[in-house]
Protein chains: 2
Amino acid sequence: MPTNPQWKLAARPVGLPKRADFSYDEPEAPTPGDGEFTVKTHYISLDPAMRGWMNAGKSYIPGVEIGAVMRAISVGEVVASNHDGFAVGDHVQGVMGVQAYAVTDGSGGITKVDPKLAPLPKYLSVLGMPGMTAYFCLLRVGQPKAGDTVVMSAAAGAVGSVAGQIAKLKGCRVVGIAGGPEKCKYVTDTLGFDACIDYKNDDVAEALKTHCPKGIDVYFDNVGGEILEAVMSRLAQGARIAVCGAISQYNNTDAPRGPANYLSLLVNRARMEGFVVFDWVREYGQAAQEMAGWMAQGKLQSQEDIVEGIDQFPDALLKLFSGDKHGKLMLKV
Amino acid sequence: MPTNPQWKLAARPVGLPKRADFSYDEPEAPTPGDGEFTVKTHYISLDPAMRGWMNAGKSYIPGVEIGAVMRAISVGEVVASNHDGFAVGDHVQGVMGVQAYAVTDGSGGITKVDPKLAPLPKYLSVLGMPGMTAYFCLLRVGQPKAGDTVVMSAAAGAVGSVAGQIAKLKGCRVVGIAGGPEKCKYVTDTLGFDACIDYKNDDVAEALKTHCPKGIDVYFDNVGGEILEAVMSRLAQGARIAVCGAISQYNNTDAPRGPANYLSLLVNRARMEGFVVFDWVREYGQAAQEMAGWMAQGKLQSQEDIVEGIDQFPDALLKLFSGDKHGKLMLKV
């Protein structure tokens, strides 16, 4: 029997997660019961949302229990099956945890993917949760119209890079915000955004003034904090802020920071609205099809940052928060 | 010639407006030019929005210039006219300033009112700007559905009292928040809200838990600050926060306070949206008609707090911020 390398949540992190918040184990690989199948995971997605799942208490889904395998979305191959709907050799995507083998009955949204249509890592990036988040949060909450000025935080990241390209496809002027000249170059030169603000070196408020002379119609917020406040000071009338995440706030140990200038919403008749991707699961198929079409036409680029080895999990996770990554972060098992 | 007692803005207030921020003058009463008419003001409305108008800089309308008559909405009677559309004896409502006589060409939204349909003070309360604010901010931004739990801040005030009664008419459970047991008694016993929380004596967060067991679907925000944060912690999924005002923040000299828990919007897929009543001016007529109907049927109560004498302006204005008033505050000239 092979073993099943896996990472469990050992303690609820305070601030940034650290090595001691997780425990590594290598039990025997599990065997499927009746109506179940075993998936060998090939790639495990590392997402900012995981930080929220480590907390106790009700959020949009329950937190991970202490001692349980850490929750994660993976893509892999069926290697044993007692399930009529999934056969050995099928490739699947879904929540299967930070482990090399997962036994599942297919519930909770395990879906088949086609490795001939796109390489497996794409099913964790542009055709996976980040891509779905980009697509639905931009189009349904942000509601960009041609000619709108769209500001994209974390513009080089897995979600922002896709959302910004979709905004360009819809005829918007798109201004990215990213950390460092290298990422900004990627955002403008490869992704084709109209401009990119380097929040590590530029004065974000000043740069927004320069790049958004008619104000900001749509802000896609992945970060919260000071950047959210700077954007709020430049809203156009009727602006929409799509609250998709707030990575600057996830590891806070103090009370988080709210936008002190939120009354800009009143003055500008603007809207700020929260978004959870799982609400749109019934429409994933249609979105994936449209995005695969854009990819085939070369209109939608994506980049994956693949860290080798499941043993790297705690260190790799920290790259999410330091920004030290290029594109969608994942582990290769 | 009669004189024209009037109050001008002498300085931009820092924090609460004080007597020295205004100057009193008694020039000769003005005479109308070609295409103009003179209105003798009977009642001058005192509104929280006036605090914003005293600031420099762009808001939804320009601030009042230093040395200009302080902007205010009034109701009065035409006493001289060279205007084809307005005759001596007509009663009108509109922006005419803190003064006994105003000359106008009727632009900027001066409209006729019918003193036989309702007493003149009602045209500054339920049939005026506060009533329009209540009607459109609740129905268009808050979008309450029958069975929703609606929380109304400043529930005994000119806007909140009307908005809460409209929410009741639409079949909602309505929980008011007001300052002191007397106001709370008015809110439940006279206005017919389901409950009222006394923010001066109750623990608002605890009381919201008790009175909104299924969470809050609509929050009508007139106040901002701590109450906004307490409400944000109790949002139901898909909640709407209508940002109509933030009286707790208007006199701040420090940076205002943003809702630290705004990520509750994300978790609850909730929306926070700003509102400016002037955007709905084309629909005022229809709203006034519907509200006058409710008043005639005894389903819509309103209370006016009338301070005698235009000389009382600076002191009367402060009652807006201390909460020391009962219903819509106005001056009788």
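**View 1. The two domains of chain A in the predicted model**. The C-alpha centres of domain 1 and domain 2 of chain A lie 28 Å apart in this predicted model. Domain 1 of chain A is made up of residues 6-125 together with 303-332, whereas domain 2 of chain A covers residues 129-278. Where the two meet, 15 residues of domain 1 of chain A and 12 residues of domain 2 of chain A take part in the contact, and the side contributed by domain 1 of chain A consists, by class, of 6 nonpolar, 6 polar and 3 charged residues. For chain A the mean pLDDT is 92, with 96% of its residues at 70 or more, and the model scores an ipTM of 0.81 and a pTM of 0.84.

**View 2. An open sheet of 12 strands from chains A and B**. The strands follow the order E10(A)-E9(A)-E8(A)-E11(A)-E12(A)-E13(A)-E13(B)-E12(B)-E11(B)-E8(B)-E9(B)-E10(B), and their pairing is mixed. Strand E10 (195-198) of chain A and strand E10 (195-198) of chain B stand at the edges, each with a single partner strand, so one side of each is left without a neighbour in the sheet. Neighbouring strands of this sheet are turned against each other by 15° on average, direction ignored.

**View 3. Strand pairing in chain B and helices packed on the sheet in chain A**. Strand E8 (residues 149-152) and strand E9 (residues 173-178) of chain B pair in the parallel sense over 4 bridges, and B:Thr149 has B:Arg173 in E9(B) as its bridge partner. In chain A, helix H2 (residues 129-142) packs on the sheet by touching strands E11 (216-221), E12 (235-243) and E13 (271-274) of that chain, and its direction makes about 145° with that of E12(A). Helix H3 (residues 158-169) of chain A also packs on the sheet, where it touches E8 (149-152), E9 (173-178) and E11 of chain A, with its direction at about 165° to that of E9(A).

**View 4. Positive phi at A:Ala154 and B:Gln143**. Most residues other than glycine have a negative phi. A:Ala154, although not a glycine, has a positive phi of about 45° and is found in the loop between E8 and H3 of chain A. Because 28 other C-beta atoms lie within 10 Å, A:Ala154 is buried. B:Gln143, likewise not a glycine, has a positive phi of about 45° and sits in the loop between helix H2 (129-142) and E8 of chain B. B:Gln143 counts as partly exposed, because it has 15 C-beta neighbours inside 10 Å.

Note on methods. Residues numbered from 1 in each chain as written. Chains lettered and ligands numbered in written order. Predicted model: local features only at pLDDT ≥ 70, side-chain atom pairs only at ≥ 80, totals over all residues. pLDDT = per-residue confidence, 0-100. Pairing = 2+ DSSP bridges. Helix = DSSP H or I, 4+ residues; strand = E, 2+ residues; numbered from the N terminus. Axes fitted to C-alpha atoms, helices over the stretch in contact; angles between N-to-C directions. Contact = placed C-beta atoms within 7 Å. Domains from an automatic or database assignment. Nonpolar A, V, L, I, M, F, W, Y, C, P; charged D, E, K, R; others polar. Buried ≥ 20, exposed ≤ 12 C-beta atoms within 10 Å, placed from the backbone.
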